[in-house]
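Hi everyone, thanks for coming. Have a look at the structure on the screen, and I'll walk you through a few spots in the backbone.

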Amino acid sequence: MCYFCMDYMSDIYTSDIKFLPGVGPRRATVLAQEAGIHSYEQLLYYFPYRYIDRSRYYKIREISSASSYVQIVGRFIKFEPIGQGYKKRLVGRFADETGSMEVVWFKGLNYITKNIKENVDYLLFGKPSEFGGRLNIVHPDLDKWEEVQKKPFVGGLHAMYPTTEKMKSSFINSKVIQTLQANVFNAIQGKISETLPAWLLKQYNLPNLHTSLHTMHFPQDVKLLERSQLRLKFEELFYIQLNMLRMKNKRQASIPGHVFSKVGTYLNHFYSERIPFELTGAQKKVIKEIRRDIGSGKQMNRLLQGDVGSGKTMVALMVLLIALDNGFQGALMAPTEILATQHLRSIRKMLGEMDVRVELLTGSTKKAVRTRLHEQLKTGELQILIGTHALIEDTVQFKNLGLVIIDEQHRFGVAQRARLWNKNTIPPHVLVMTATPIPRTLAMTVYGDLDISVIDELPPGRKPIKTFHFFENKRANIIQFMKNEIASGRQIYVVYPLIQESETLDYKNLEDGFRGMKAHFPEPNYQICMVHGKMKPAEKEAAMQGFMKGETQIMVATTVIEVGVNVPNASVMVIESAERFGLSQLHQLRGRVGRGADQAYCVLVSSPKLSEEGRTRLETMVATNDGFEIAEADMKLRGPGDIEGTQQSGLPFDLKIANLARDGQILQFSRDVATEILANDPLLEDPRNSALKKQLQKLNADKINWSIIS
């Protein structure tokens, strides 16, 4: 994200990084490829990932392999090359008055041999480790002690920058990057134009941009560093919020919406005759929020979050019936045929004998059926159409589309969703649904221009799923437990991460698992089916139907059943190689069971060899059923760009310094400030806010992909 606005300085800011002293063409190529640094300003926004306190000097006898980064004053007493070819390394014996240790280089040996001398005092800085029972430091920073003492500032906080192996092989280490930062500040002569209004800096006691950037790279005061970090994080998140809220305000002001003014026969009959249970308080609250939107005369754009099994489909159907009561048609788009088909079954079952035409349109729909559906849509005879991407085809034309519901919307692109909105002169209301709980901070950024509703309670009678974690050596116990459940009339899912054997991943795979299950559960006493994404639709449907009818007791599957399969009699979910899955995916899979009144179980099976992160994921699953708690834990483990349910390739904007997993309070603060500013100055016409308007124009000119958010 770029922040500089000063016109007469723009040339130096956007100068190619190769012209900066200390870079040159070769290093410029590496910086561009490895760190995305093409210009001076991009280097300034390449922030340290940590700071080391270099105010203390250690003696060799004080350190161990458990020590963090240390600096030692001493001298080399000998050097010794060891090994041949790619195994060759250079080992130096570094000593002070308290002892000695090894210093090891695997690269740049010729440079070290020519430039580092014996019996000369050096300041050595690095991370101690241990190899073969001997203490060593690999590839340390070295400075002649005589030259260090001449510098005006010695010690204090020292910035450490992220580097890759390719950067290091081009001699671009953390120390070099800090030298380049100093060169940038020399080149721009200390003149950086401010990007926040003076009143805002004063009101919230934030340092100016030049001070903040300089302090990030050359901190001399911990408190000023903290304030500088706060200012830069605030600015980064503030402009995202300001831009999204402006877009939201503009859309609400300029895009009219169909007015659903009445509740009529369809909804009243359904509510009084077809709902077999009392709606939860959360469902009632959400329906009230939606009714307020669709009766306002403005287009609704609302995100409905609800954990697996929380009753989102019931809410969706009730809103569709309100659309029908007001003379409009409705559409529900799902990302897969399995999920679309499941929605069709669920909605038809809930409607029963009600006179409502609901049909399915997918890529597998036969031509004759497709032609009939197209005609019935145009006449209005077909009232609710459920489908996949097939709904957005130009040939699909509605008589009067008033409501679009998009399920698991993260699997659709902006252009795809927009094509549905364009199927009426006045855009239809839009309700986006997701069963993947989204952390609050992520929702405020990725979906910051949508109104958000949450169903945060399960329907009555549902028992919490009991989750257990077993290592593979407990296989016999797991099999016996499965047999007991089948004997009680229950059904079981067994999920594997892979379809065919992988040479590189040592995980249980589907085909081996299927054979193994058949050995443990032989015919004719047991019936087992297999489902995966590479099957033909007809084969997959036949297997699904057999399981849904209770003809098979065990379904061996991949994550194709993650969404869209609803079998209330299935009480056990066994997830093989559970360490292979992300937290959100594990939670989605677990949600396939527990959909009836019986106690349900989720069994996580893993290798005993678990990474720390893998162990944390499985412990989290055992500890809680709360999807939002799981989503927060997932974001802290993996970062916001990898969360299931957002963008798999990352966020729609780059965050250089803010972290959504840690900076929730700053995000909320930035949103509150942006909201207040726009409430008083919606178009940013106040001269005091000219810097804000100018900066937003620049950010959009820099082609940050804001549109993906809406």
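Let's start with a term: a residue is buried under 20% relative accessible area, exposed over 50%, and partly exposed in between, using a 1.4 Å probe and protein chains only. Now, a caution: this is a predicted model, so local features need pLDDT of at least 70, side-chain atom pairs count only at pLDDT 80 or more, and totals for chains, interfaces and linings use all residues. Residues are numbered from 1 along each chain as its sequence is written, and side-chain values use heavy atoms, with hydrogens and water left out.

When I say helix or strand, I mean a DSSP run (H or I, at least four residues, for helices; E, at least two, for strands), numbered from the N terminus.

Okay, His139. This residue isn't a glycine, yet its phi is positive, about 45 degrees. You'll find His139 in the loop between β7 (134–138) and β8 (141–144). Is His139 buried or partly exposed? Partly exposed, at a relative accessible area of 36%.

Asn205 is another non-glycine with a positive phi, about 55 degrees. Its loop runs between α8 (198–203) and α9 (209–217), and Asn205 is exposed, with a relative accessible area of 55%.

Next, the peptide bond between Glu523 and Pro524: that one is cis, with omega about 0 degrees. Pro524 sits in the loop between α19 (510–520) and β19 (528–531).

Last stop, helix α10, residues 222–254. Its 33 residues reach 48 Å from first C-alpha to last, close to the 48 Å expected at 1.5 Å a residue; that expected span is 1.5 Å times one less than the number of residues.
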